[in-house]
Amino acid sequence: MAKIKGRTVSESRVEMAQVVLPNDANPLGNILGGKVMHLIDIAGAIAAHRHARTHVVTASVDRLDFLHPVRVGQILMLRAFVTGAFRTSMEVEVNVYLEDYIKGERRQTSSAFVTYVALDASGKPTLVPPLILRTKEERRRYREAVERRKRRLALAARDHRRYFEKEG
Ligand SMILES: CC(C)(COP(=O)(O)OP(=O)(O)OC[C@H]1O[C@@H](n2cnc3c(N)ncnc32)[C@H](O)[C@@H]1OP(=O)(O)O)[C@@H](O)C(=O)NCCC(=O)NCCS
């Protein structure tokens, strides 16, 4: 089989801005957690699409914390980049920042590791290009992604066994 050409981290990097509108908010005027999750998934999926150049599906999301309330009228800035490309899956780190353009302040409000699986035209998992690691920081992130992947897959296998036991 022909070897797939690798792609660098910067080739698929995503930066996405979104203003928080009243329709995205709860009655207190803060953005709904589900809306932030949706934006994380979109930003992460774009990075995965750019890396794999295929269809992708979200296979899993690691833990997600919401550190600060985000108000209507503020801006959410999402930065997503591939940290690891494996056989058919990729881990993408998505960091979310809240930007108050009146005060000129920006601070991080969430961070997530999302795993996407590349699919071919018939919907089957397909090989992804290797990730070309150019910097020390990228190599460190990759090593950490490998460790997270081990833990994630072990937990998923344990939980899936539980579902099947319940289903009989
Ligand atoms: C994700 C999905 C394609 C995996 O299918 P599968 O039959 O387990 O396929 P495979 O065993 O060939 O695994 C494919 C890849 O998914 C990865 N994977 C499977 N389950 C995973 C999980 N819970 N977390 C992270 N990666 C996972 C595998 O490690 C493998 O990656 P690799 O090739 O890099 O090692 C399948 O479960 C699916 O379609 N899920 C629904 C996805 C979806 O619709 N998401 C939107 C929200 S519902």
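1. E93 stands opposite F113 in strand 6. Strands 5 and 6 are antiparallel and are joined by 12 bridges; two strands are said to pair if DSSP finds at least two bridges between them. Helices (H or I, at least four residues) and strands (E, at least two) are DSSP runs, and they are numbered from the N terminus.

2. A word on the basis of this note. The model is predicted, so local features need pLDDT of at least 70 and side-chain atom pairs count only at pLDDT 80 or more, whereas totals for chains, interfaces and linings use all residues. Residues are numbered from 1 along each chain as its sequence is written, and side-chain values use heavy atoms, with hydrogens and water left out.

3. The overall plan is as follows. The chain contains 3 helices and 7 strands, and from the N terminus on their order is β-α-β-α-β-β-β-β-β-α. Along the principal axes, the C-alpha atoms fill a box of roughly 55 × 45 × 30 Å. Of the 168 residues in the chain, 40% are buried; buried means under 20% relative accessible area, exposed means over 50%, and partly exposed lies in between (1.4 Å probe, protein chains only).

4. Accordingly, 12 of the 12 residues of strand 5 are buried.

5. Strand 5 also pairs with strand 4 (residues 75-85), in the antiparallel sense, through 10 bridges.

6. Why is strand 4 described as largely enclosed by the rest of the structure? The reason is that 10 of its 11 residues are buried. Strand 4 is also joined to strand 2 (residues 14-19) by 6 bridges, and these two strands run antiparallel. In this pairing, A17 stands opposite M77 of strand 4.

7. The largest pocket holds about 300 Å³ of space. On a 1 Å grid over the protein atoms alone, a pocket is an open set of points with protein on both sides within 12 Å along at least five of seven lines, and a 1.4 Å probe fits at the points; lining residues have an atom within 4 Å of a point. Points are joined across faces, edges and corners, and the volume is the space filled by probe spheres set on them. The lining has 17 residues, of which A59, S60, R152, L153 and A156 are the closest to the centre of the pocket.

8. Which elements give two or more residues to this lining? They are strand 3 (55-61), strand 5 (89-100), strand 6 (105-119) and helix 3 (136-167). Helix 3 gives the most, with 8 residues. By class, the lining of the largest pocket has 8 nonpolar, 5 polar and 4 charged residues; Ala, Val, Leu, Ile, Met, Phe, Trp, Tyr, Cys and Pro count as nonpolar, Asp, Glu, Lys and Arg as charged, and the others, Gly among them, as polar.

9. There are 15 residues around the ligand, and T58, R87, T88, S89 and R149 come nearest; a residue counts here if one of its heavy atoms lies within 4 Å of the molecule. Polar contacts are pairs of N or O atoms within 3.5 Å. In the side chain of T88, an N or O atom is 2.6 Å from an oxygen atom of the ligand. For R149, a polar side-chain atom lies 3.0 Å from a ligand oxygen atom. The side chain of S60 has an N or O atom 3.1 Å from a nitrogen atom of the ligand.

10. Two further residues complete the note. R139 lies in helix 3 and counts as partly exposed because its relative accessibility is 36%. R139 and T83 are 56 residues apart in sequence and 8.8 Å apart in space, C-alpha to C-alpha. L127 is in the loop between strand 6 and strand 7 (131-132); with a relative accessible area of 34%, L127 is partly exposed. From L127 to L76 there are 51 residues in sequence and 33 Å in space, C-alpha to C-alpha.

Definitions and conventions. A polar contact is a pair of N or O atoms within 3.5 Å; within protein, one must be able to donate a hydrogen and the other to accept it, and residues adjacent in sequence count only if both atoms are side-chain atoms.
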